[in-house]
Amino acid sequence: MALVLNFHQAEKISKEQQELLIKAAETAVYTVKDFARFLIDNEFNVSIDLSFLSAEEMRELNQEQRGIDRVTDVLSFPLLHFREGELAEEAMTPFFIDPEAEFLTILLGDIVICPSRASQQAEDYGHSLERELAFLTVHGTLHLLGFDHQDLKEEERMRELQRIVMKQLNLSRGE
């Protein structure tokens, strides 16, 4: 399985940061064992679009999509229906398989990150911008895979997966 991260407005981050975010998304996908096994067994690749917006653009998108008029750090827009890493059968339609790809590629969805918000959060939490960008990419990828934090049980599961991925990336808090 290969993961393709399609960057949009990537000039807002460095090549090294882009490479880290590819690894972060890939590690998050592999951490969801059932989905990773499905991809490997069926020889599917995965594609995610990752965009970077200014604070004002992110505020507008957050207002438009969620009715919340404030800047946020990350938004995710899944194209498939998952529930905690399990793909719903009705979700596998040709619409979500990229016909232009050399190998069958499942389009998971879009992640949008606000680098200026990520920078502020990195400063607030006392860690690097790279760590914060990787965390937001992991968080967004897990949302694309059907994980959420709407109730305490979901939040605990998602936090645990985020901890596992960040540890595998050697970016645990304090590193």
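Axes are lines fitted to C-alpha atoms, for helices over the stretch in contact, and angles run from 0 to 180 degrees between N-to-C directions. The model is predicted: local features need pLDDT of at least 70, side-chain atom pairs count only at pLDDT 80 or more, and totals for chains, interfaces and linings use all residues. Residues are numbered from 1 along each chain as its sequence is written, and side-chain values use heavy atoms, with hydrogens and water left out.

**Figure 1. Overview of the secondary structure.** The protein has six helices and six strands; these are DSSP runs numbered from the N terminus, helices being H or I of at least four residues and strands E of at least two. Along the sequence the pattern reads β-α-α-β-α-β-β-β-β-α-α-α. Of the 175 residues, 45% count as buried. Buried means under 20% relative accessible area, exposed means over 50%, and partly exposed lies in between (1.4 Å probe, protein chains only). Contact means heavy atoms within 4.5 Å. Among contacts between residues at least 6 apart in sequence, 70% join residues at least 24 apart.

**Figure 2. Packing of helix H1 against helix H6.** Helix H1 (residues 15-31) and helix H6 (residues 152-168) pack at an angle of about 130°, and their axes are 9 Å apart. H1 and H6 are therefore oblique to each other. Angles under 35 degrees count as roughly parallel, over 145 as roughly antiparallel, 65 to 115 as roughly perpendicular and the rest as oblique. The crossing of H1 over H6 is right-handed; a crossing is left-handed if the near helix is turned anticlockwise from the far one by less than a right angle, and right-handed if clockwise. On the H1 side the contact is made by Ala 24, Thr 27, Ala 28 and Thr 31, which meet Leu 161, Ile 164, Val 165 and Gln 168 of H6. Sorted by class, the contact of H1 with H6 holds five nonpolar, three polar and no charged residues. Here Ala, Val, Leu, Ile, Met, Phe, Trp, Tyr, Cys and Pro count as nonpolar, Asp, Glu, Lys and Arg as charged, and the others, Gly among them, as polar.

**Figure 3. Packing of helix H1 against helix H5.** H1 and H5 pack at an angle of about 35°, with 9 Å between their axes. H1 passes H5 in a right-handed crossing. From H1, Gln 17, Leu 20, Leu 21, Ala 24, Ala 25, Ala 28 and Val 29 take part; from H5, their partners are Leu 129, Glu 130, Leu 133, Ala 134, Thr 137, Val 138, Thr 141 and Leu 142. This contact of H1 with H5 divides into 11 nonpolar, three polar and one charged residue.

**Figure 4. Packing of helix H4 against helix H5.** Helix H4 (residues 115-125) packs on helix H5 (residues 129-144) at an angle of about 120°, with their axes 8 Å apart. H4 passes H5 in a right-handed crossing. Pro 115, Ala 118, Ser 119, Gln 121, Ala 122 and Tyr 125 in H4 meet Leu 129, Glu 132, Leu 133 and Leu 136 in H5. Seven nonpolar, two polar and one charged residue make up the contact of H4 with H5. Gln 120 is also in helix H4 and is partly exposed, with a relative accessible area of 35%. Gln 120 and Glu 132 are 12 residues apart in sequence and 9.6 Å apart in space, C-alpha to C-alpha.

**Figure 5. The aromatic pair of Phe 7 and Phe 52****.** A search of the whole structure finds one aromatic pair. Phe 7 and Phe 52 form this pair, which is stacked, at 6.3 Å centre to centre and 10° between the planes. Phe 7 lies in strand S1 (residues 3-8) and Phe 52 in strand S2 (residues 45-52), so the pair ties together parts that are 45 residues apart in sequence. Rings of Phe, Tyr and Trp (its six-membered ring) pair if their centres lie within 6.5 Å; planes under 30 degrees apart count as stacked, over 60 as edge-to-face and the rest as tilted. Phe 52 is buried, with a relative accessible area of 0%.

Figure 6. At 0% relative accessibility, Ile 48 counts as buried. Leaving out residues up to four places away in sequence, Ile 48 touches Leu 3, Val 4, Leu 5, Asn 6, Ala 25, Leu 108, Gly 109, Ile 111, Thr 141 and Leu 144. The C-alpha atoms of Ile 48 and Leu 3, 45 residues apart along the chain, are separated by 7.8 Å.

**Figure 7. Positive phi at Gln 9** **and Asn 170****.** Gln 9 is not a glycine, yet has a positive phi of about 60°. Gln 9 lies in the loop between S1 and H1 and is partly exposed, at a relative accessible area of 32%. Asn 170, also a residue other than glycine, has a positive phi near 60°. Asn 170 is found in the segment after H6 and counts as exposed at 54% relative accessibility.
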